[in-house]
Amino acid sequence: MAQPVRQVAATRLTIRARVSPVGVWSTIGVTALALQAWVFGRWLTAGDLRSAPPGDYQISDTRMAVAWAFQAIVATTVLSIGVVLVRRCLRERTVTFDAALYAGLLLSIWQDPILYWNKLYVVYNKNLPNVETWGPFIPGWHGPDTGGRQIYESVAGGSGLAYPIVMVWFWLQYKIYRQIARRRPHWSNGRLFLTATAIGIVIDLPLEPLFLLTGVFAYPVGYPPLTLFAGHWYQLPLLEVLSASLVLVTPVLVLRSIDQTRRVPWLFTTSSRAPTPARPLTRLLAGVGLANVVICAYLLSNVAIAELGGPFPGDMPSYLW
């Protein structure tokens, strides 16, 4: 009887050894990169790399200057975060959790068109760097009915290459969360998760209007009972704020918090089994996998939110739509 039990135990240990977190997440990362290359490759070869045509989009010089200044701030912040993380990796002689997450966020841009899988959920300033959407080249994407009008993607506005700016929000939320967790050690994991989500909402509520009021982008759809300034071009869907905290940031924050008690972050577990030269790449790929899954979940949650509908703002500026 003892022999079969030992064999079962040995089999389970073997399976656990083969199925490791870093192996699963790096595989997802490779898959995401392959899909990204396929989508962008088809888009580029189709000759659809075009910006919005010049036009009289009726935007004041002041708002245009503010929008460009805000773009510069976002780009500088994203670049600065990258520099800080690279220096940290060099100091610690390893790819850190934050660095892997940053790389993953940067390589999640290909999923942007998912936001308007079925309805026009976000529109971008056509005077800022933009390109014609690559949505038609994403498997299963059919897009909203825009009456023949073209959809344009922001290159570095509220999404796109600006995704890594989420790291600033992530670090601030994490710092506050850790302080509360230390002072309330008796709180359950569920209570701490809800607390972290609430912190994220409080952080995001003043940040979103900055992007909206500078004219970088706008939400043309918002369920009126749960939307601030409903019916106006600067409306803010509160369910989007909730999804950003609940789906995009807080799960990663909790995972990082758990990892503080480990010598090696859970995401990178068993990465030491890889050949030494391959370990940094393996960790980066795991970060790419994690970020792409989180971004996809966030975008799909907003696809569901968009289904609640809402009137298209009558005062939507022409430079946005």
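Q: How many helices and strands are in the protein chain?
A: The chain has eight helices and six strands. The model is a predicted one.

Q: In what order do the elements run from the N terminus on?
A: The order is α-α-α-α-β-β-β-α-α-β-β-β-α-α.

Q: What share of the 321 residues is buried?
A: Buried residues account for 49% of the 321 residues.

Q: What about contacts, how many join residues at least 24 apart?
A: Taking contacts between residues at least 6 apart in sequence, 79% join residues at least 24 apart.

Q: Which residues of α2 are buried?
A: They are P21, V22, W25, S26, G29, A32, Q36, V39, F40 and W43.

Q: What covers them?
A: The cover over the buried residues of α2 includes β2 and α8, the latter being residues 279-306.

Q: What follows α2?
A: G47 follows α2, and the phi of G47 is positive, near 75 degrees.

Q: Now aromatics. How many aromatic pairs does the structure hold?
A: It holds 11 aromatic pairs. One of them joins F40 and W43, with ring centres 5.9 Å apart and planes at 50 degrees, so this pair is tilted.

Q: Where do F40 and W43 sit in helix α2?
A: They are three residues apart in the helix, which means about one helical turn separates them. F40 is buried at 17% relative accessible area, and W43 is buried at 6%.

Q: What kind of aromatic pair do F40 and W134 form?
A: F40 and W134 make an edge-to-face pair, with 5.0 Å from centre to centre and 75 degrees between the planes. F40 is in helix α2 and W134 is in the loop between β2 and β3 (152-154), so the pair ties together parts 94 residues apart in sequence.

Q: Are F40 and W134 buried or exposed?
A: Both F40 and W134 are buried.

Q: Which residues form one aromatic cluster?
A: F70, Y121, Y124, F211, F217 and Y219 form one.

Q: Switching to charges, how many salt bridges are there?
A: The count is two. In one, R50 pairs with E132, and the closest N and O atoms are 3.0 Å apart.

Q: Where do R50 and E132 lie?
A: R50 is in the loop between α2 (21-45) and α3, while E132 belongs to strand β2 (residues 130-132), so the pair links parts 82 residues apart in sequence. R50 is partly exposed at 39% relative accessible area, whereas E132 is buried at 10%.

Q: Which side chains meet at 3.6 Å, N to O?
A: Those of R88 and D98 do, in a salt bridge. R88 lies in helix α3 and D98 in helix α4, so the pair ties together parts 10 residues apart in sequence.

Q: What is the phi of R93?
A: The phi of R93 is near 55 degrees, a positive value in a residue other than glycine. Most residues other than glycine have a negative phi.

Q: Where does R93 lie?
A: R93 is in the loop between α3 (61-92) and α4 (97-106). R93 is exposed, with a relative accessible area of 79%.

Q: And F229, what is its phi?
A: F229 also is not a glycine, and its phi is positive at about 55 degrees. F229 sits in the loop between β5 and β6 (236-237), and F229 counts as exposed at 53% relative accessibility.

Q: Which residues form the nonpolar patch on the surface?
A: The patch is made of L205, Y223, L226, L228, F229, L238 and L308, and together they have about 580 Å² of accessible area.

Q: Where is L226 found?
A: L226 is in the loop between β4 (217-218) and β5 (227-228). With 35% relative accessibility, L226 is partly exposed.

Definitions and conventions: Residues numbered from 1 in each chain as written. Predicted model: local features only at pLDDT ≥ 70, side-chain atom pairs only at ≥ 80, totals over all residues. Heavy atoms only, no water. Patch = residues over 30% accessible without salt bridge, like charges linked within 9 Å, V, L, I, M, F, W, Y side chains within 5 Å. Areas by Shrake-Rupley, 256 points an atom, 1.4 Å probe, with all protein chains shown as cover. Salt bridge = Lys/Arg side-chain N within 4 Å of Asp/Glu carboxyl O. Helix = DSSP H or I, 4+ residues; strand = E, 2+ residues; numbered from the N terminus. Buried < 20%, exposed > 50% of the residue type's maximum accessible area, 1.4 Å probe, protein only. Contact = heavy atoms within 4.5 Å. Phe/Tyr/Trp six-rings, centres within 6.5 Å; stacked < 30°, edge-to-face > 60°.
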